[in-house]
Amino acid sequence: MDTIFMAVFSVTAIGVACAVLLCISSKVMYVKADERVTALKSSLPGSNCGACGYPGCAGYAEALVKDPAIKTNLCTPGGASVAGELSRIMGVESGTVLKKLAVVRCLGDSEAQQVKMDYAGIKTCYAATEIFGGQGACTYGCLGYGDCKNVCPSDAICIENNLAKVNANCIGCGICVKVCPNQIITIEENLAVPIVLCQNHEKGGVVRKKCSKGCLACTKCVRECPESAITMEENLAVINPEKCTNCGHCAEICMTKCIGGIA
């Protein structure tokens, strides 16, 4: 009986001692939180998309307080209203929030792209990439199973003819970019210039056999661009938005019409 009593007493004493130490430590080691961080967090949309360049909304809020040089207009999903509120809390002027848009760099729908096999696996883009790149002949293009659509917080993506398409609801959060296994979705800020809607780096003859809308690396757009804004990199045309004047000539002469506007 004495042994049991001593055991219970010892455990109780240790518990009380630990509680006292924890209370003392919480007082001694307490770090007062900046109220602005809490206010900033509550003002942000909470999507934690990372479009601002920081690890979630909490990371962005903490960064704003730590470094006054960081701009308050980096939250693309929040838009001008959130930027204005963040600026009010930080006591700075609100900058212009640039419109961003997700762009699917592929035109290889079920009509344009050849089929290499009858895919009967799990109907996700990630799973399809693990099994010979899915049923489409082009392993660089859109797989069409909607992994991007399933994670889009604004219902801005739909699947038509096995090809993902982005509509006006897009807030440029970038979540779709992270889940696309073929990395064919990009977030674009300069919406006034054309873009090459193809990511296939194979030679033109190979591309032609797989997709009727792929870049053939013919260099015609490179040679005829009046601003020398287009280069050929790894068999794929690349447009420099800083040089491009959006004259539209490249889109007109492209033999497969894989150069288009996104505005």
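The second largest pocket of this predicted model is lined by 16 residues. Among these, R105, E188, I195, I239 and P241 lie nearest the centre of the pocket. The volume of the second largest pocket is about 220 Å³. Two further topics follow: a pair of helices and the surroundings of one serine.

**Lining of the second largest pocket**

- Two elements, β5 (195-196) and β7 (236-239), each give two or more residues to the lining of the second largest pocket.
- The element that gives the most to this lining is β7, with 4 residues.
- Sorted by class, the lining of the second largest pocket holds 11 nonpolar, 3 polar and 2 charged residues.

**Helices α2 and α4**

- Helix α2 spans residues 35-43 and helix α4 spans residues 79-90; their axes come within 10 Å and cross at roughly 170 degrees.
- Because angles over 145 degrees count as roughly antiparallel, α2 is roughly antiparallel to α4.
- On the α2 side, the contact involves R36, A39, L40 and S43.
- On the α4 side, these residues meet V82, E85, L86, I89 and M90.
- The residues of the contact of α2 with α4 comprise 6 nonpolar, 1 polar and 2 charged.

**Surroundings of S154**

- S154 is placed in a loop, between α6 (147-151) and β2 (157-160).
- Leaving aside residues up to four places away in sequence, S154 touches N169, C170 and I171.
- A polar atom of the S154 side chain lies 3.3 Å from the backbone oxygen of N169.

Conventions: Residues are numbered from 1 along each chain as its sequence is written. This is a predicted model: local features need pLDDT of at least 70, side-chain atom pairs count only at pLDDT 80 or more; totals for chains, interfaces and linings use all residues. Side-chain values use heavy atoms; hydrogens and water are left out. A polar contact is a pair of N or O atoms within 3.5 Å; within protein, one must be able to donate a hydrogen and the other to accept it, and residues adjacent in sequence count only if both atoms are side-chain atoms. Contact means heavy atoms within 4.5 Å. Axes are lines fitted to C-alpha atoms, for helices over the stretch in contact, and angles run from 0 to 180 degrees between N-to-C directions. Angles under 35 degrees count as roughly parallel, over 145 as roughly antiparallel, 65 to 115 as roughly perpendicular and the rest as oblique. Ala, Val, Leu, Ile, Met, Phe, Trp, Tyr, Cys and Pro count as nonpolar, Asp, Glu, Lys and Arg as charged, and the others, Gly among them, as polar. On a 1 Å grid over the protein atoms alone, a cavity is a set of points where a 1.4 Å probe fits but cannot get out, and a pocket is an open set with protein on both sides within 12 Å along at least five of seven lines; lining residues have an atom within 4 Å of a point. Grid points are joined across faces, edges and corners, and a volume is the space filled by probe spheres set on the points.
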